[in-house]
Amino acid sequence: MNSLNKMLCEISFATRLNGEVLLLDYGSSVFDNILSMIDEKLILTNHKKIKTSKGDCQIASKNGAPKSLFFDYIRKVGSTKYFSREVEAYFKEIQPARHEQLQNVELFSRVIKEIINLPIISGKLLINKDETYYIGVITSKGIIEIARSILKKDENGYYVRSYFLSKILDAIAIYSNDEEGVILSPAIAPYLAVIIPINIAQKGVNKKCKELLDKLEKKGLKVLYDETSETHTKKHEYYLKIGVPLIIEIGIKDVEGNSLNLFVRFNKEFIRIDTKLFVDDIELYLTKMQNDLYKKALTFTVNSIRNSSDFTNDKCVNVITKIQCCDKEKCLEKLKKMKDRVILVPFNQNSNSNCYFCNSSECDSYYLIKKYKSV
Ligand SMILES: [Zn+2]
């Protein structure tokens, strides 16, 4: 088992069963948050033809375990069958079909950015008889395909199929962790904050914590209050590990000073602040963390793209390489022959060097993408 899977098991996000990684309660909450937000977006944009496949039933029978055990609270990570959202539409003319397809790509891109908080790579696939648009997220293990939109033709006319794939969870898991545990963005975290009392027996501590819980719940926020007998240090370590965005600690000093200790999961810093100010500004802390996570992922994405000057056909181990190619058949053929790579024509064209093969100055940019190998 690799370290990421081990960590996901440790935090009750997922478990291993018969060689499969399966989601547990906590992981399912994250998954459900993603699903409901995607549904909301699709409905808002008039995408009505949404199908849900019954992947969890298949998993249950495949592993021979009782269905009741799996059906509600265990789901497979990475099953394209399960987390597939299909959007289909027919058109008589090609132009409206292309328009629909581009709208789907735009929608999926926005959902990934706003909800899943990861920067994307998108464009048209080069080798495909159908017109296919591709959206992926770069990780240190390769690019993970998140969505695809395909334009086909049959007897009814032009046919657009768009898919959202389950790899989103893989992407989140790979991106959002450090040596202490997972870092969940506020948009998908099952709990936004946890309140931990420091020495609950001391006068006023429990009351102060409960007052704060009440105020935050009244704002409609999902917050936990941990009253268990474990030490506050142990509790802190646990919530750090499972990725609760804000960890709040309250001790006797805070009862007297009407303050609290705030720990933000992203930058791992403690600050003591006034309770009222915190309650008023909690959304700002959450938004800031959401933005900070995106900026970090964006920097990683930008830094991961190599260009053809440090590229050799068989030795390149980089996740993604930008290469220039002209429109001559001879050069395009050479480009298409590059093995184990997805070739993408990105939407943002900013070609500033010559053809990699013939040195011609009239050329387009392409991304050579290393395929993601599932862990
Ligand atoms: Zn050329």
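User: What should I know about numbering and confidence before I start?
Analyst: Residues are numbered from 1 along each chain as its sequence is written. This is a predicted model, in which local features need pLDDT of at least 70 and side-chain atom pairs count only at pLDDT 80 or more, while totals for chains, interfaces and linings use all residues.

User: How many helices and strands does the chain have?
Analyst: The chain has 11 helices and 19 strands. These are DSSP runs numbered from the N terminus, with at least four residues of H or I for a helix and at least two of E for a strand.

User: And how much of the chain is buried?
Analyst: Of its 375 residues, 36% count as buried. A residue is buried if 20 or more other C-beta atoms lie within 10 Å of its own, exposed if 12 or fewer, and partly exposed in between, with C-beta atoms placed from the backbone.

User: Which residues touch the most other members of the largest nonpolar core?
Analyst: They are Ala 193, Ile 195 and Ile 248, in a core of 77 residues. Helix H10 (residues 275-304) gives the most to this core, namely seven residues. A nonpolar core is a set of buried Ala, Val, Leu, Ile, Met, Phe, Trp, Tyr and Cys residues joined through C-beta atoms within 7 Å.

User: Which residues of H10 are buried?
Analyst: The buried residues of H10 are Phe 278, Ile 282, Tyr 285, Leu 286, Met 289, Leu 293 and Ala 297.

User: Where does H10 bend?
Analyst: H10 bends by about 60° at Asp 281. The bend is the angle between axes fitted to the seven residues ending at a residue and the seven starting there.

User: Changing topic, where is Asn 258 found?
Analyst: Asn 258 is in the loop between helix H9 (252-257) and strand S14 (259-264). Its phi is near 55°, a positive value in a residue other than glycine.

User: Why does Asn 258 count as exposed?
Analyst: Asn 258 counts as exposed because it has 11 C-beta neighbours inside 10 Å.

User: What about strand S6, is it mostly covered or exposed?
Analyst: Strand S6 (residues 131-139) is mostly covered, as seven of its nine residues are buried.

User: Which strands pair with S6?
Analyst: Strand S5 (residues 121-125) pairs with S6 in the antiparallel sense over four bridges. S6 also pairs with strand S7 (residues 142-154), again in the antiparallel sense, over nine bridges. Two strands pair if DSSP finds at least two bridges between them.
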